[in-house]
Amino acid sequence: MGNANERSFSNDGAVFGAPPSFADIEAMAGRAFETIPDVLRSKTATILFMVEDFPDEETCRDMGLESPFDLLGLYQGVDLTQKSVADPSPEPDIVFLYRRPILDFWCETGEDLEHLVRHVLIHEIGHHFGLSDDDMEALEAADGDD
């Protein structure tokens, strides 16, 4: 079950004091990242992982979001299918996890928070591998994952 200092945020007997912090979401993402097979995880070594409360205004505008709560995560970078050794990108690849939208979705759906963070993280890493949203939905449907 873990040590007494760990807090559980799943909806089955969870601790519901203060909302999960940046550090809590980072820890969940770290645990999720460790479940990715080594052969795939090794190809993500250059990605920066960041937890922010919300996407910035420019991202919201560029994506045509009605609300910053509409985006749980984002991959920003050049996916592996587009990378070139001859033309390296000056910007790092970044996976953003947006804490407040994730927490809002969690509260609305009752989904296990660890599962939700893992799902968003893996979805954004999928973009790093060049998968589209449609590609990932098809993979999830085939796997039976919601």
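Reader: Hi! Which residues does Lys83 touch, leaving out those up to four places away in sequence?
Author: Not counting residues up to four places away in sequence, Lys83 touches Val78, Asp93 and His128. Bear in mind that this is a predicted model.

Reader: Thanks! Where is the place of Lys83?
Author: Lys83 sits in the loop between β2 and β3.

Reader: And why does Lys83 count as partly exposed?
Author: Because its relative accessibility is 36%, and partly exposed covers values between the buried limit of 20% and the exposed limit of 50%.

Reader: What about Gly77, where is its place?
Author: Gly77 is in the loop between β2 (73-76) and β3 (94-98). Gly77 is partly exposed, with a relative accessible area of 44%.

Reader: How many Å separate the C-alpha atoms of Gly77 and Pro92?
Author: The separation is 6.6 Å between those C-alpha atoms, while Gly77 and Pro92 are 15 residues apart along the chain.

Reader: Let me step back. How many helices and strands does the protein chain have?
Author: There are 6 helices and 3 strands in the protein chain. Starting at the N terminus, the elements follow the order α-α-β-α-β-β-α-α-α.

Reader: What share of the chain is made up of buried residues?
Author: Of the 146 residues in the protein chain, 34% are buried. As for contacts with a separation of 6 or more, 66% of them are between residues 24 or more positions apart.

Reader: Which residues have the most contacts inside the largest nonpolar core?
Author: Those are Leu97, Leu113 and Val117, in a core of 21 residues. The elements that give two or more residues to this core are α1 (22-34), β3, α4 (99-109) and α5 (113-128). Of these, α5 gives the most, with 6 residues. There is also a second, separate core of 5 residues, and it includes Leu71, Ile94, Phe96 and Tyr98.

Reader: Let's look at helix pairs. At roughly what angle do the axes of α4 and α5 cross?
Author: The axes of α4 and α5 cross at roughly 130° and come within 10 Å.

Reader: Which residues meet where α4 faces α5?
Author: From α4, Ile102, Leu103, Phe105 and Trp106 meet Leu113, Leu116 and Val117 of α5. The residues of this contact are 7 nonpolar, no polar and no charged.

Reader: Which residues of α4 are buried, and what covers them?
Author: The buried ones are Arg99, Pro101, Ile102, Leu103 and Trp106. Their cover includes α1, β1 (48-52), β3 and α5. Just after α4 comes Gly110, with a positive phi of about 75°.

Reader: Now the pair α1 and α5: how do their axes cross?
Author: They cross at roughly 65° and come within 9 Å, and the crossing is right-handed. In α1, Ile25, Met28, Ala29, Arg31, Ala32 and Phe33 take part, meeting Leu113, Glu114, Val117, Arg118, Leu121 and Ile125 in α5. This contact divides into 9 nonpolar residues, no polar and 3 charged.

Reader: New topic, then: is Thr44 buried or exposed?
Author: Thr44 counts as buried because its relative accessibility is 3%, and buried means under 20%. Thr44 is found in the loop between α2 (38-41) and β1. Apart from residues up to four places away in sequence, Thr44 touches Phe33, Ile125, His128 and Phe129.

Reader: And Lys43, where is its place?
Author: Lys43 is in the loop between α2 and β1. Lys43 is partly exposed, at a relative accessible area of 46%.

Reader: What does Lys43 touch?
Author: Leaving out residues up to four places away in sequence, Lys43 touches Leu80, His128 and Phe129. Lys43 and His128 are 85 residues apart in sequence, and 9.2 Å apart in space from C-alpha to C-alpha.

Definitions and conventions: Residues are numbered from 1 along each chain as its sequence is written. This is a predicted model: local features need pLDDT of at least 70, side-chain atom pairs count only at pLDDT 80 or more; totals for chains, interfaces and linings use all residues. Side-chain values use heavy atoms; hydrogens and water are left out. Helices (H or I, at least four residues) and strands (E, at least two) are DSSP runs, numbered from the N terminus. Buried means under 20% relative accessible area, exposed over 50%, partly exposed in between (1.4 Å probe, protein chains only). A nonpolar core is a set of buried Ala, Val, Leu, Ile, Met, Phe, Trp, Tyr and Cys residues joined through side-chain atoms within 4.5 Å. Axes are lines fitted to C-alpha atoms, for helices over the stretch in contact, and angles run from 0 to 180 degrees between N-to-C directions. Contact means heavy atoms within 4.5 Å. Ala, Val, Leu, Ile, Met, Phe, Trp, Tyr, Cys and Pro count as nonpolar, Asp, Glu, Lys and Arg as charged, and the others, Gly among them, as polar. A crossing is left-handed if the near helix is turned anticlockwise from the far one by less than a right angle, and right-handed if clockwise.
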